[in-house]
Amino acid sequence: MESLSNKNQDYVFNLEREIVKQSDKTEAEAKVMVAELLPDILEAQKKGVIAAKLFSATPKVKAEQLLHPEPVFSDVPFWQKALDNCLVYLALFAAVYGVGNAFSAKSSAKIGILSIMSMGIILGFFMTRYEKYLNPQASGTKPKWSKIITSSIIMLVVLLAWNYILVLPGINVINPAVPGEVCFVIAIIALAIRYLFKKKYQLVGSAFARTLRKKVTKD
């Protein structure tokens, strides 16, 4: 530490002591952790910036940051984001139809299982594909109204066309009507799959905010 200034030597010494104090690490392990910071400290020292100002933290606070680093996030592949969104909208549609069916007359028409699943999938895909247009706050971009209007029209046309196909004679065979109880079961299953999927791929966020992957940080 001969090349360090007196103030920086004191900072490094106190930082190593705080690391040992706040954890079960040995002095040798603390020195290894602090050694990774030395190049930055020396570079800042050449510019007249001391370590305390460089890190904007006291040795006690810096030790805590080193021992408990904040998780680092990165974007996720399209298919993971799309699947996450599809499961969200599938659960949402199933729950809505389940509630509607529970408060409607028993003789009212029930929605088909394929209708529920397809609407969740279509909306989830479109919301992912056009996220930067339809949800600018989540994607971090400014609203582009021409894209928003165009994408919304396309999504609406696709949903209406697909729903029209599903009510055609003969389609009932592959689109059987389901009662409200089954809709609730579908919603629960969709949420359970989403929970396991997000846990496996360490995803955070939702269909209404930018979905991110959580990177595992090593101690």
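Modeller: Contact means heavy atoms within 4.5 Å. Keep that in mind, as this is a predicted model.

Colleague: Which helices are included in what covers the buried residues of helix 1?

Modeller: Start with the residues being covered. The buried residues of helix 1 are Asn-8, Tyr-11, Val-12, Leu-15, Glu-16, Glu-18 and Ile-19. Their cover includes helix 2 (27-35), helix 3 (38-46), helix 4 (51-55) and helix 5 (59-67).

Colleague: Do the buried residues of helix 1 lie on the same side or on opposite sides, and what arc do they cover?

Modeller: Take the buried set again: Asn-8, Tyr-11, Val-12, Leu-15, Glu-16, Glu-18 and Ile-19. They are on the same side of helix 1, because around the axis they cover an arc of only 160°.

Colleague: Which residues are exposed on the other side of helix 1?

Modeller: Exposed means over 50% relative accessible area. On that other side, the exposed residues are Asn-6, Arg-17 and Lys-21.

Colleague: How far apart are the end C-alpha atoms of helix 1?

Modeller: Helix 1 runs over residues 6-22, which makes 17 residues.

Colleague: Are the rings of Phe-197 and Tyr-201 stacked, edge-to-face or tilted?

Modeller: The model holds 6 aromatic pairs. In the pair Phe-197 and Tyr-201, the ring centres are 5.1 Å apart and the planes stand at 55°. Stacked needs under 30 degrees and edge-to-face over 60, so the rest count as tilted. That makes this pair tilted.

Colleague: Which helix holds both Phe-197 and Tyr-201?

Modeller: They are 4 residues apart, about one turn of the helix. Both lie in helix 11 (residues 180-201).

Colleague: Is Phe-197 buried or exposed?

Modeller: Buried means under 20% relative accessible area. Phe-197 has 9%, so Phe-197 is buried.

Colleague: What residue has its charged end over the ring of Tyr-201?

Modeller: Tyr-201 is partly exposed, at 27% relative accessibility. The charged end over its ring lies 5.5 Å from the ring centre, and belongs to Lys-200.

Colleague: Which residues does Trp-79 contact, leaving aside neighbours within four places in sequence?

Modeller: Trp-79 sits in helix 6 (residues 78-102). At 44% relative accessibility, Trp-79 is partly exposed. Its contacts are Phe-197 and Tyr-201.

Colleague: Which residues does Ser-115 touch, not counting those up to four places away in sequence?

Modeller: Ser-115 belongs to helix 7 (residues 113-129). Ser-115 is buried, at 7% relative accessible area. The residues touched are Leu-166 and Asn-175.

Technical notes
Residues numbered from 1 in each chain as written. Predicted model: local features only at pLDDT ≥ 70, side-chain atom pairs only at ≥ 80, totals over all residues. Heavy atoms only, no water. Phe/Tyr/Trp six-rings, centres within 6.5 Å; stacked < 30°, edge-to-face > 60°. Helix = DSSP H or I, 4+ residues; strand = E, 2+ residues; numbered from the N terminus. Buried < 20%, exposed > 50% of the residue type's maximum accessible area, 1.4 Å probe, protein only. Lys NZ or Arg CZ within 6 Å of the ring centre and 35° of its normal. Expected span 1.5 Å × (residues − 1). Arc of directions from axis to C-beta.
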